[in-house]
Amino acid sequence: MESVRHYAHQEVTQDPPVTPKQETDPGQRKKKKAYVPGLLLLLPILLFIFGFFVVPMLYILYLSFIYTDSPNATNAVFSLKNYILFFTDSYYLSSLWITVKVSLYTVLVSLLLGYPVALTMAKSSPRIRGYIALLIAAPLLVSIVVRNFGWYLLLLPNGTINSILTSLGIIDSPLKLLFSEIGVVIGLSNAYLPFMILAIATSLYNIDPSLERASAILGASPLRSFFSVTLPLSLPGIISGCVLVFSMSMSAYVTPALMGGANVPMMPVVAYDQINNLLRWTFGSALSYVLLATTMIMVTVFTRGFEKSKFREVFR
Amino acid sequence: MKTTGKLRLIFTILTIIYILVPLLVVIPASFTSASYPSFPPQGFSFQWYTKLLERPEFVTALINSAKFAFMAAFFAVIFGTLGALAIAKYDIPGKAYITSLLTSPLSVPQLVLGVALLIYFTPLMLAGTGTGFLIAHIIICIPYVIRLVLTGLSGFDYNLERAAAILGASPLTIFWKVTLPLIRPAIISGGLFAFLISFDNVTVSLFMVSPDMRTLPIEIFSHMQDAYDPLVASVSSVVIFISVILIVILEKLQGVGKVFGGTH
């Protein structure tokens with residue numbers, strides 16, 4: 001379930017971590033006990049996360065600075081060589097570029113398809129809203145491999161879409177949908193669109209409906225109200241949706257591997273190859289951190305850029 | 001306004017179909033009588049389901065998936081529920097940081113997590129073992145359990161616990177008779193969710209599996225890479241079937257949309 005995991009990205013950008021409501025009732029405040037028993041309850045999970053998540057992550061960060069020519073070489077040296085190798089080789093650089101490009105297309109497609117759906121959700125009754133949420137979120141719980149197989153059937157050269165387009169006379173020869181960037185963008189946007197919709201919908205729910213009414217009373221056309229009231233106020237949702245979809249696309253492995261193959265060597269596919277097939281662990285570790293860092297830098301630039309824009313007041 | 005509303009509704013329905021289409025295509029394709037997968041299917045037969053039963057690797061993989069998903073959910077629920085209770089109930093210093101730390105495995109790309117765990121597990125002799133696989137899956141499940149149980153606890157009325165304490169119940173009795181029953185739906189949702197996350201996982205699992213221990217999504221993934229036959233359609237339909245059952249239960253308990261942070 002490649003797609004679901006990244007829900008926590010929202011934490012960075014949108015939701016504060018889920019913490020229980022602050023108790024305002026003075027009687028309730030007493031339930032906050034000394035924290036020693038609490039720490040005991042936390043101990044197993046903290047040790048587990050620390051031992052099997054924090055330490056391994058730091059370990060490969062360290063390894064990424066170790067350079068060896070071959071997996072079994074003993075001439076390991078502490079250097080920046082893995083990173084230098086990455087940034088001086090056109091194959092790896094183009095892989096990074098493809099990853100960024102495909103991810104940006106995926107964000108764009110998800111945003112264009114997702115916004116109207118989020119708007120419909122915001123304008124519907126809670127019941128309908130619940131049904132839409134179920135229909136768009138439930139597929140996230142079915143393995144990405146299965147969803148990609150569905151696209152396989154549709155996008156093959158003699159698959160459903162090509163046969164329809166040919167029989168309608170729109171195209172003469174089959175389009176190369178599978179094993180191309182188009183195929184990967186379709187697969188990724190299909191997988192991550194629900195996150196975009198839910199992120200935007202959440203910010204739309206929070207808009208005070210009287211604002212739109214006020215703009216209508218003051219004579220704004222529905223289109224004008226949308227562009228001057230609703231859209232700017234939903235920007236936080238748009239941004240968190242874009243950040244979410246972008247970071248998920250950057251690190252997706254299954255979809256590029258199945259639907260792009262060797263034609264679309266995105267970073268995760270290249271990194272997997274380095275680690276599992278070529279056993280170049282230290283270089284693979286460096287690739288992983290290049291991927292992480294690129295995602296973080298792009299997300300920061302994007303978010304900052306928006307904060308500095310004329311919609312800044314929205315973020316207060 | 002009316003026409004834009006109608007247009008938007010049509011657009012919404014089309015987009016929902018776009019989201020669902022890969023799943024809607026797979027099930028009919030599994031009933032094909034042809035030897036290659038296609039949509040619409042050629043003819044009708046159950047042959048790819050009977051052939052599936054003749055393939056021990058898929059059956060073993062299904063059993064493995066279910067077994068490991070169950071164990072991963074079990075441990076994630078125990079660790080996660082204890083952790084969430086501690087966060088919700090006690091004044092622990094740096095609570096917000098601890099919560100972020102516990103949900104942080106979600107913010108790290110699964111590929112990177114897979115790389116890190118494989119490299120870390122190798123010298124520990126855990127790479128390619130069931131234990132290593134289980135640990136990796138518990139790590140990816142924990143954030144969901146934490147999140148769901150914390151949400152379940154957010155409306156919790158601690159007066160009930162205090163009332164039980166005043167009436168003389170021991171802390172353990174309070175936990176079993178008061179706290180646990182009240183947060184049970186959240187715990188069950190967390191467990192179901194963890195099960196599905198583990199059951200469907202590919203990316204982290206790819207680094208953790210060994211040739212003699214594979215899970216169903218991994219088996220489908222590698223089958224898709226080297227063979228292209230309707231067997232993938234029938235086994236995928238089985239996965240969809242299992243997922244749908246669990247999703248229905250989850251929806252009744254918690255609301256699937258809510259789990260992903262969408263609706264109120």
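What share of the 264 residues in chain B is buried? Buried residues make up 58% of chain B. The model described here is a predicted one.

**Chain B as a whole**

The secondary structure of chain B consists of 12 helices and 0 strands. Along the principal axes, the C-alpha atoms of chain B fill a box of roughly 70 × 65 × 30 Å. Among contacts in chain B between residues at least 6 apart in sequence, 69% join residues at least 24 apart.

**Helix packing around H6(B)**

Helix H6 of chain B, residues 130–154, packs against helix H4 of chain B, residues 95–103, and also against helix H8 of chain B, residues 171–200. The two pairs are set out below.

| Helix pair | Angle between axes | Axis separation | Residue classes in the contact |
|---|---|---|---|
| H4(B) and H6(B) | about 135 degrees | 8 Å | 5 nonpolar, 2 polar, no charged |
| H6(B) and H8(B) | about 155 degrees | 8 Å | 13 nonpolar, 5 polar, no charged |

H4(B) and H6(B) pack at about 135 degrees, and the two helices are therefore oblique to each other. On the H4(B) side the contact is made by Thr99(B), Leu102(B) and Thr103(B), and on the H6(B) side by Ile142(B), Pro143(B), Ile146(B) and Leu150(B). By class, this contact has 5 nonpolar and 2 polar residues, and no charged ones.

For H6(B) and H8(B) the angle is about 155 degrees. Angles over 145 degrees count as roughly antiparallel, so H6(B) and H8(B) are roughly antiparallel to each other. H6(B) passes H8(B) in a right-handed crossing. From H6(B), the residues in this contact are His137(B), Ile140(B), Cys141(B), Tyr144(B), Val145(B), Leu148(B), Val149(B), Gly152(B) and Leu153(B). They meet Ile183(B), Ala186(B), Ile187(B), Ser189(B), Gly190(B), Phe193(B), Ala194(B), Ile197(B) and Ser198(B) of H8(B). The residues of this contact divide into 13 nonpolar and 5 polar, with no charged residue.

Ser65(B) lies in helix H3 of chain B, which spans residues 56–89. Its relative accessible area is 3%, so Ser65(B) is buried. Leaving aside neighbours within four places in sequence, Ser65(B) is in contact with Phe199(B), Thr215(B), Leu216(B) and Pro217(B).

Met125(B) is found in the loop between helix H5 (110–121) and H6 of chain B. With a relative accessible area of 68%, Met125(B) is exposed. Phi of Met125(B) is near 60 degrees, a positive value in a residue other than glycine. Most residues other than glycine have a negative phi.

**Chain A**

Chain A has 15 helices and 2 strands. Of its 316 residues, 53% count as buried. Among contacts in chain A between residues at least 6 apart in sequence, 71% join residues at least 24 apart.

An unreviewed UniProt entry annotates residues 96–302 of chain A as "domain: ABC transmembrane type-1". Over residues 96–302 the chain is 78% helix and 0% strand, and the end C-alpha atoms are 18 Å apart. The UniProt annotation "transmembrane region", also from an unreviewed entry, covers residues 39–62, 96–118, 130–146, 183–205, 225–246 and 278–302 of chain A. Over residues 39–62 the chain is 100% helix and 0% strand, with the end C-alpha atoms 30 Å apart. Over residues 225–246 the values are 95% helix and 0% strand, with the end C-alpha atoms 29 Å apart.

Two loop residues of chain A can be described individually. Phe179(A) is in the loop between helix H8 (160–167) and helix H9 (181–205) of chain A. Phe179(A) is not a glycine, yet its phi is positive, at about 55 degrees. At 31% relative accessibility, Phe179(A) counts as partly exposed.

Ala220(A) is in the loop between helix H10 (209–217) and helix H11 (222–233) of chain A. Its relative accessibility is 22%, so Ala220(A) counts as partly exposed. Not counting residues up to four places away in sequence, Ala220(A) touches Ser215(A) and Ser225(A).

Terms used. Residues are numbered from 1 along each chain as its sequence is written. Chains are lettered from A and ligands numbered from 1 in the order in which they are written. This is a predicted model: local features need pLDDT of at least 70, side-chain atom pairs count only at pLDDT 80 or more; totals for chains, interfaces and linings use all residues. Side-chain values use heavy atoms; hydrogens and water are left out. Axes are lines fitted to C-alpha atoms, for helices over the stretch in contact, and angles run from 0 to 180 degrees between N-to-C directions. Helices (H or I, at least four residues) and strands (E, at least two) are DSSP runs, numbered from the N terminus. Angles under 35 degrees count as roughly parallel, over 145 as roughly antiparallel, 65 to 115 as roughly perpendicular and the rest as oblique. Contact means heavy atoms within 4.5 Å. Ala, Val, Leu, Ile, Met, Phe, Trp, Tyr, Cys and Pro count as nonpolar, Asp, Glu, Lys and Arg as charged, and the others, Gly among them, as polar. Buried means under 20% relative accessible area, exposed over 50%, partly exposed in between (1.4 Å probe, protein chains only). A crossing is left-handed if the near helix is turned anticlockwise from the far one by less than a right angle, and right-handed if clockwise. UniProt positions are given in the numbering used here, feature names are shortened, and annotations may be inferred rather than shown by experiment.
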